Amino acid sequence: PLKGMTQLMKTIGKVQRQLNPNLKIADLSDRLEVPVYILSYFFNQYLNCSYYDYINDFRISEFKKMIEDGEHSRYTLDTLIEQCGFNSRATFFRNFKKVSGITPNEYIRRNKKQSE
């Protein structure tokens, strides 16, 4: 099982880097040749979250890196959201606040103050 989990994590990492907004658990299931219910079980049991929460957390981390790297001064917020793999501004804002406890704009303001 450990070997299988290592392979799974490597594949998830590759898939995540694509930041495909339409990435479904079925896509990962096909790529790994593992039934969806097994993947779902893995995320819930071993990572203590759903597949979609895991992917959205990764996307939010990418957004934060872009802000820390100063990307927000070159792109609009909507462009950054799209580059991180979100199709919907509302979904992004809801997930960002859930994960971070603050809005994306507040995060940008706080990051700006720290870098001055």
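A salt bridge is a side-chain nitrogen of Lys or Arg within 4 Å of a carboxyl oxygen of Asp or Glu. Keep that in mind, and keep in mind too that the structure above is a predicted model.

**Salt bridges**

The side chains of Glu106 and Arg110 meet in a salt bridge, with 3.1 Å from N to O. Both residues sit in helix H7, and they are 4 residues apart, about one turn of the helix.

How many salt bridges does the rule give? The count comes to 5.

| Pair | N to O distance |
|---|---|
| Lys98 and Asp53 | 3.3 Å |
| Asp78 and Arg89 | 2.4 Å |
| Glu106 and Arg110 | 3.1 Å |

Two of these pairs reach across the chain. Lys98 in helix H6 and Asp53 in helix H4 are 45 residues apart, so this pair links distant parts of the chain. Asp78 in helix H5 and Arg89 in helix H6 also link distant parts, at 11 residues apart.

Are the partners buried or exposed? Lys98 counts as exposed because its relative accessible area is 58%, and the cut-off for exposed is over 50%. Asp53, at 27%, is partly exposed. In the next pair, Asp78 is partly exposed at 42%, and Arg89 is partly exposed at 40%.

**The nonpolar cores**

Now for the inside. The largest nonpolar core has 14 residues, and Phe63, Ile67, Phe86, Phe92 and Phe96 are the ones with the most contacts inside it. At least two residues of this core come from each of four helices: H4 (51–68), H5 (77–83), H6 (89–100) and H7 (104–115). Which helix gives the most to this core? That's H4, with 4 residues.

Take a look at Phe63 in the model. Leaving out residues up to four places away in sequence, Phe63 touches Leu77, Leu80, Cys84, Phe92, Phe96, Pro104 and Ile108.

There is also a second, separate core. This one has 11 residues, including Leu32, Phe42, Cys49 and Ile55.

**A closer look at H4**

H4 has 18 residues, and its first and last C-alpha atoms are 26 Å apart, close to the 26 Å expected at 1.5 Å a residue. Which residues of H4 are buried? They are Tyr51, Tyr54, Ile55, Asn56, Phe58, Arg59, Ile60, Glu62, Phe63, Met66 and Ile67. As you can see, Asn56, Arg59 and Glu62 are on that list as well as residues such as Phe63. After H4 comes Gly70, whose phi is positive, near 85 degrees.

**One serine in H2**

Finally, find Ser29, which lies in helix H2 (residues 25–32). Why does Ser29 count as buried? Its relative accessibility is 8%, and buried means under 20%. Not counting residues up to four places away in sequence, Ser29 touches Val34, Pro35, Val36 and Leu39.

Note on methods. Residues numbered from 1 in each chain as written. Predicted model: local features only at pLDDT ≥ 70, side-chain atom pairs only at ≥ 80, totals over all residues. Heavy atoms only, no water. Core = buried A, V, L, I, M, F, W, Y, C linked by side-chain atoms within 4.5 Å. Buried < 20%, exposed > 50% of the residue type's maximum accessible area, 1.4 Å probe, protein only. Contact = heavy atoms within 4.5 Å. Expected span 1.5 Å × (residues − 1).
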